[in-house]
Amino acid sequence: MADLLVVGSVALDSVETPFGKVQEALGGSATFFSYSASFFTPVHVVATVGDDFPEEHLKLLRDRGVDVRGLQVAPGRTFRWTGTYGYDLNEAKTLDTQLNVFADFRPTLDDYQARVPYLFLANIDPELQLQVLRQMRTRPRLVALDTMNFWIKGKRDALMRVLREVDLITINDGEARQLAEEPNLIKAARRIAALGPRTVVVKRGEYGALMVTSDRFFFVPAYPLESPFDPTGAGDTFAGGFMGVLAGEGATDEAALRRAIVYGSVVASFTVEDFSLNRLKRLSRDDIEARYRSFREMMQVELRGV
Ligand code: AMP
């Protein structure tokens with residue numbers, strides 16, 4: 001198993017869906033990512049929180065074995081995100097983003113973190129993503145990145161710079177179209193690949209995930225759920241499972257990438273069953289394996305007459 005480092009947001013999320021709402025629940029890209037990845041490999045977080053961040057949230061991550069020594073506690077308020085969803089749970093509408101302590105955050109990696117073989121630059125200011133890349137002392141085996149509309153619109157130049165240096169990107173379908181300025185998803189993915197990342201993984205919410213490289217495609221549906229509840233964090237959970245499997249296997253080949261996409265989809269399907277990390281908290285590796293098996297069966301089809 002290889003070590004995995006994530007740099008991203010740790011947040012307090014206020015979310016409303018047609019099925020309920022929560023105020024200031026634990027969220028953030030690095031939070032969902034690291035919790036999900038921890039089922040597969042050792043994971044280290046670099047991020048910041050304010051002095052208002054509840055200790056119980058740190059305990060939750062520590063209890064899963066997530067290394068939170070790189071989580072700086074700064075004077076001030078924790079990052080806050082407020083969002084809402086209509087019956088189409090695929091599209092989050094951001095009502096408010098308060099960067100708070102992230103506005104002055106300077107990520108600093110220690111010697112060990114600067115040599116990790118698997119690095120994930122989770123959704124965060126692309127200038128911070130660049131600062132992290134600049135501190136790496138050895139070239140990781142795999143560097144992947146995620147981003148969102150907030151940064152595509154607000155920090156496009158910095159995002160373009162960091163994209164040139166990564167191997168893989170995970171991105172929502174709507175944001176892929178926005179980044180590439182291209183409505184067709186396949187063309188958009190290819191255009192993004194030309195910006196730097198050779199592998200583009202497009203997250204399509206309830207429609208699954210698509211992996212595009214210069215000459216290959218791979219597509220999986222989402223695990224069909226009858227009662228999705230809150231999709232917040234599904235994308236980061238997907239990325240955590242995906243990178244966790246690759247780091248866990250110490251691999252980056254096509255077969256591992258495919259397995260990683262299915263595991264990512266499986267863990268993400270649990271996240272949407274409840275608010276925040278509430279469903280993940282009750283999750284075991286056995287639950288993941290059982291759903292992975294049923295996912296495989298769901299996609300299997302026999303040849304005719306043989
Ligand atoms: P997703 O996995 O795509 O649903 O991402 C959800 C998480 O993204 C939430 O827990 C938010 O706290 C976090 N988030 C929202 N906006 C931003 C932003 N501008 N930068 C970093 N993280 C964000």
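## The second largest pocket

The second largest pocket in this predicted model has a volume of about 260 Å³. It is lined by 13 residues, and those closest to its centre are Asp167, Arg198, Thr199, Thr213 and Leu257. Sorted by class, this lining holds four nonpolar, four polar and five charged residues. Here Ala, Val, Leu, Ile, Met, Phe, Trp, Tyr, Cys and Pro count as nonpolar, Asp, Glu, Lys and Arg as charged, and the others, Gly among them, as polar.

A pocket is found on a 1 Å grid over the protein atoms alone, as an open set of points with protein on both sides within 12 Å along at least five of seven lines; a cavity is a set where a 1.4 Å probe fits but cannot get out, and lining residues have an atom within 4 Å of a point. Points are joined across faces, edges and corners, and the volume is the space filled by probe spheres set on them.

## The largest cavity

By this rule there is one cavity of 30 Å³ or more, and the largest cavity holds about 30 Å³ of space. Its lining is made up of Asp13, Val15, Val22, Ala25, Leu26, Phe32, Asp230, Thr232 and Ser276. By class, five of these are nonpolar, two polar and two charged.

Strands β2 (11-17) and β3 (20-27) each supply at least two lining residues, and β3 has the largest share, with three. Helices (H or I, at least four residues) and strands (E, at least two) are DSSP runs, numbered from the N terminus.

## Around the ligand

Several polar contacts (pairs of N or O atoms within 3.5 Å) can be picked out. A backbone N or O atom of Gly28 is 2.7 Å from a ligand oxygen atom, and one of Gly235 is 3.1 Å from an oxygen atom of the ligand. Asn123 places a polar side-chain atom 3.5 Å from a ligand nitrogen atom.

## Helix α3 and its cover

Helix α3 spans residues 126-135, and its buried residues are Pro126, Leu128, Gln129, Leu130, Val132 and Leu133. Buried means under 20% relative accessible area, exposed over 50%, and partly exposed in between (1.4 Å probe, protein chains only). The elements covering these residues include β1 (4-7), β8 (118-121), β9 (142-146), α4 (149-154) and α5 (156-163).

## Phe242 in helix α8

Phe242 sits in helix α8 (residues 234-249) and counts as buried, at 0% relative accessibility. Beyond its neighbours within four places in sequence, Phe242 is in contact (heavy atoms within 4.5 Å) with Leu168, Val201, Leu257, Ala260, Ile261 and Gly264. Phe242 and Ala37 are 205 residues apart in sequence, yet 7.6 Å apart in space, C-alpha to C-alpha.

## Two positive phi values

Glu24 is a residue other than glycine with a positive phi, near 45 degrees. Glu24 belongs to strand β3 and is partly exposed, with a relative accessible area of 38%.

Glu181 is not a glycine either, and has a positive phi of about 55 degrees. Glu181 is in the loop between α6 (173-180) and α7 (185-193) and counts as exposed, at 61% relative accessibility.

## Reading the numbers

Residues are numbered from 1 along each chain as its sequence is written, and side-chain values use heavy atoms, with hydrogens and water left out. In this predicted model, local features need pLDDT of at least 70 and side-chain atom pairs count only at pLDDT 80 or more, while totals for chains, interfaces and linings use all residues.

Conventions: A polar contact is a pair of N or O atoms within 3.5 Å; within protein, one must be able to donate a hydrogen and the other to accept it, and residues adjacent in sequence count only if both atoms are side-chain atoms.
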